[in-house]
Amino acid sequence: MRFTVFVGIDQAGAANKSGKPKPLPAAIVTPAGRQLLLSVSSLKGLTKESIDSFVENENLELTRSGELAIIVDCVLGLPEEVFPKGDTLFDLFHQANVYKHEGRAHGREVAYEFFKQFLDGREENDHPRRQCEHLAKANSVFALRPYQKNVGCGTFRIWKELGSKNKWFHLWPTERLSLVFPTIFEGYPSLIWKKIFGMKSRKPKELIEAAEKKLGIEIAVSESTRTLIEKNPNYADAAALALGAYYLQECDDLTSTSDIPDKAKEGWIVGLKP
């Protein structure tokens, strides 16, 4: 399975004053001869329509939808011990789509209440974690605080959008991939920055240079895109996810599941080695 277009999406779960989720920072990477083309934009949401529009606006043509890889900064699974029996992850997406708390459909508290229902009476400070979260030292969707590291809000927003219509995607690594649908991967920006680009902390101004050095290829980027990446860490994370996915494919590691423990429902963070 080879992809020709890579879209990275940073999570942005906070609601605006009207109660609607903010736009999603996104980046798109595609090989073009001896260069990689990199551009950024904001998406209304993670929907087929938004993704198709993003690709079309970049004047890209996909022979098949399955040539598209989407790497999202969110959690795509639950710990096996609390995953509802008989449900699939898409079932949970649909539950998120129709879920409201005190009349609200988005926001940190709404997300917290949604995920809390899966704890089934556990103490609120007893947060089960997936195996990949332990290995990557990643945060849990069940943890409300610290707010600046909360992943539940953005994850809930993504689940809600992915459960809104008929399924139009494959989920890695839990599903068989094909050229019929794009594939969505769970990305963890901190892992990409550190393990792939060798940066101990996120340094947006150094990302493109570090990526060119690691990938061994020139990255063609407009001045406006470069400025946005350097000044906005959310767009930098989105770009890192897309560039990191391209690198993993070149190493034949993007879709490989040979080293992943058999935890199908839990999912896995792309690029993480057990």
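User: Hey, how do α8 and α9 sit relative to each other, roughly parallel or roughly perpendicular?

Analyst: α8 and α9 are roughly perpendicular to each other. That label covers angles of 65 to 115 degrees; under 35 is roughly parallel, over 145 roughly antiparallel and the rest oblique. One caution: this is a predicted model, where local features need pLDDT of at least 70 and side-chain atom pairs count only at pLDDT 80 or more, while totals for chains, interfaces and linings use all residues. Residues are numbered from 1 along each chain as its sequence is written, and side-chain values use heavy atoms, leaving out hydrogens and water.

User: What angle do the axes of α8 and α9 cross at?

Analyst: Roughly 110°, and the axes come within 5 Å. Axes here are lines fitted to C-alpha atoms, for helices over the stretch in contact, with angles running from 0 to 180 degrees between N-to-C directions. Helices are DSSP runs of H or I with at least four residues, strands are E runs of at least two, and both are numbered from the N terminus.

User: Which residues meet there?

Analyst: Leu228, Ile229 and Lys231 in α8 meet Pro233, Tyr235, Ala236 and Ala239 in α9.

User: New topic: which residues touch the most other members in the largest nonpolar core?

Analyst: Phe6, Leu38, Phe197 and Leu243 do, out of 47 residues. A nonpolar core is a set of buried Ala, Val, Leu, Ile, Met, Phe, Trp, Tyr and Cys residues joined through side-chain atoms within 4.5 Å. Buried means under 20% relative accessible area, exposed over 50%, and partly exposed in between, using a 1.4 Å probe and protein chains only.

User: And which element gives the most to this core?

Analyst: α9, with 11 residues.

User: What is Leu243 in contact with?

Analyst: Leaving aside neighbours within four places in sequence, Leu243 is in contact with Val29, Leu36, Leu38, Phe197, Ala211, Leu215 and Ile219. Contact means heavy atoms within 4.5 Å.

User: Back to rings. How many aromatic pairs are there?

Analyst: The structure holds 17. In one of them, Phe3 and Phe6 are edge-to-face, 6.5 Å centre to centre with 65° between the planes. Rings of Phe, Tyr and Trp (its six-membered ring) pair if their centres lie within 6.5 Å; planes under 30 degrees apart are stacked, over 60 edge-to-face and the rest tilted.

User: Are Phe3 and Phe6 buried or exposed?

Analyst: Phe3 is buried, and Phe6 is too.

User: Last one: where is Arg202?

Analyst: Arg202 is in the loop between α6 and α7. With 42% relative accessibility, Arg202 counts as partly exposed.
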